[in-house]
Amino acid sequence: EPAVQDKEAGTTAVKEEESEESAKKEEKEAEKSAVKEEEPEKSGVKEEVPQSNPKDMEHEAMKLKEEGNVHFKKSSFSDAVRFFSKAIEMCEMASFYSNRCLAYQKMGMFEEALADADKALSMLRDEKDTTSAVLVKALYRKASALKELGRYGECEQYVDEGLVLEKSNGTLINLKKDLARITAATHEEKVQEVKAQPQKVEAEVKKEPTKKVEEKVSEEKPVTPEEHTTPSKGAAPKVVESQKVEDASSASNASAKKKGTGSVGARAFTSRTKVPKAAPKSGYEFEKEWKNLKKDSEKFAQYMKMTPPSKYATLLKDKVTEEMMTSMMEALSLHFDGTIQEQSDRLDVLISLSKADTTRMFSRFSLMPMNQQGFLNDIILASSEVEELGEKVLGVAEAFEFGFE
């Protein structure tokens, strides 16, 4: 009996050990399953944390763009590019590329400008709610980059596309005129080259006999002092030839004077309009001379330069008309762009003009006629290239409510 009891006790102990081991296995499996269940929740948390709110990113990108605009108006174009680039990295928008395109143009980086213009235009074409005004601006900037790269044919295509959307857009019209002038000048150069060819051939033919005579003389024996006192036979044609040329030149000059053609006639024509020797003392006097000079913007510009820029507000207090403003804008745009001082003066003239009573009626850029918009746009963009004029450019932009996107 004791032996039987020992066997039963041993069997019971073994069963208890087995039950303990199985319990431990069950606990481990339960722990493993619990870990597996927790893992998806943890991974879900990890995915949500790094994501930012798109609206917040867009808001921050807009701040960077505005900072870029501030640097652009100060003519700090490299800084403007840096901020526009940061805005693009945060949130791609067509206006960011368009603004960086303009900054690149100011830096003379026209290939980069063209790439940004392409990107902006592509994005705008894909957007359903793009307005024609925004699309026209993008077309203009691409056309401008193409013009600077000498790709005039492509440039004209984008200008024409813009004019289909806004046929009276001043900046596109002016660019179209520039292209026409470039094309005409290129054509004229080619015509002159063709005309010059026969003259070159004729000159070579005239030189040929002289060369042959000189060759013959060089082949002969050296001339003695006695022989040198009498002219050689070969020298006669040379003298006659040069005399013929001089006589022909004199005859052509005399003919030109009789007919009133050539440079003499041109001088007589351009001298008909005379620029006054003194600055105007009153608005009435300025208006009178403007009527005489308005068809010649270069001479009207000379007359404008006689008046100190700061005096225009009081001089033309109640005399500025839309037509007069257009003439002044044209003169300032085309003939005040020589030295930095001239560019500074024209900005001062515009700031002063904006304060005249009658100017205020049409000094807002968006309400200006298209030709005035074009002239003002050219002035502001050209002056933006000069770092010293940054504050004055900003003053003109504010006075005429000229802004960027």
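Biologist: Which residues does Val 159 touch, not counting residues up to four places away in sequence?

Modeller: In this predicted model, Val 159 touches Ala 143, Leu 172, Leu 175, Lys 176 and Leu 179. A touch here is a contact, with heavy atoms within 4.5 Å.

Biologist: What makes Val 159 stand out in the largest nonpolar core?

Modeller: That core has 41 residues, and Cys 155 and Val 159 touch the most other members. The elements that give it two or more residues are helices H2, H3, H4, H5, H6, H7 and H8. H6 supplies the largest share, 8 residues. Apart from this core lies another, of 35 residues, with Phe 286, Met 304, Leu 315 and Leu 316 among them.

Biologist: Which residues of helix H12 are buried?

Modeller: Helix H12 covers residues 283-293, and its buried residues are Gly 283, Phe 286, Glu 287, Glu 289, Trp 290 and Leu 293. Their cover includes helices H13, H14 and H15.

Biologist: Why is the pair of Phe 286 and Tyr 303 called stacked?

Modeller: Two numbers decide it. The ring centres are 5.8 Å apart, and a pair needs centres within 6.5 Å. The planes are at 25°, and planes under 30 degrees apart count as stacked. Both conditions hold, so the pair is stacked. It links distant parts of the chain, with Phe 286 in helix H12 and Tyr 303 in helix H13, 17 residues apart. Phe 286 and Tyr 303 are both buried. The two also belong to one aromatic cluster with Phe 300 and Tyr 312. The structure holds 4 aromatic pairs.

Biologist: How do you know whether Glu 287 is buried or exposed?

Modeller: The relative accessibility of Glu 287 is 18%. Buried means under 20%, so Glu 287 counts as buried.

Biologist: What makes the link between Lys 319 and Glu 287 a salt bridge?

Modeller: The closest N and O atoms of Lys 319 and Glu 287 are 4.0 Å apart. The cut-off for a salt bridge is 4 Å, and the pair is listed as one. Side chains of opposite charge can pair when their charged atoms come close. Lys 319 is in the loop between H14 and H15, Glu 287 is in helix H12, and 32 residues separate them in the chain. At 26% relative accessibility, Lys 319 counts as partly exposed.

Biologist: What is the distance between the closest N and O atoms of Asp 348 and Lys 392?

Modeller: Asp 348 and Lys 392 form a salt bridge with those atoms 3.0 Å apart. Asp 348 is in helix H16 and Lys 392 in helix H18, 44 residues apart. Asp 348 has a relative accessible area of 23%, and Lys 392 has 28%.

Biologist: Which residue meets Arg 151 in a salt bridge?

Modeller: Glu 154 does, at 2.9 Å from N to O. Glu 154 is partly exposed at 33%, and Arg 151 is partly exposed at 32%. A network of salt bridges links Lys 147, Asp 178 and Arg 181. The structure holds 15 salt bridges.

Biologist: Why does Met 325 count as buried?

Modeller: Its relative accessibility is 1%, and the buried limit is under 20%, so Met 325 is buried. Met 325 is in helix H15. Met 325 and Gln 372 are 47 residues apart in sequence and 7.9 Å apart in space, C-alpha to C-alpha.

Biologist: How do you know whether Ser 333 is buried or exposed?

Modeller: Ser 333, which is in helix H15, has 12% relative accessibility and therefore counts as buried. Leaving aside neighbours within four places in sequence, Ser 333 is in contact with Arg 346, Phe 375, Asp 378 and Ile 379.

Biologist: How many helices and strands does the protein have?

Modeller: It has 18 helices and 0 strands. Of its 405 residues, 32% are buried.

Note on methods: Residues numbered from 1 in each chain as written. Predicted model: local features only at pLDDT ≥ 70, side-chain atom pairs only at ≥ 80, totals over all residues. Heavy atoms only, no water. Helix = DSSP H or I, 4+ residues; strand = E, 2+ residues; numbered from the N terminus. Buried < 20%, exposed > 50% of the residue type's maximum accessible area, 1.4 Å probe, protein only. Phe/Tyr/Trp six-rings, centres within 6.5 Å; stacked < 30°, edge-to-face > 60°. Core = buried A, V, L, I, M, F, W, Y, C linked by side-chain atoms within 4.5 Å. Salt bridge = Lys/Arg side-chain N within 4 Å of Asp/Glu carboxyl O.
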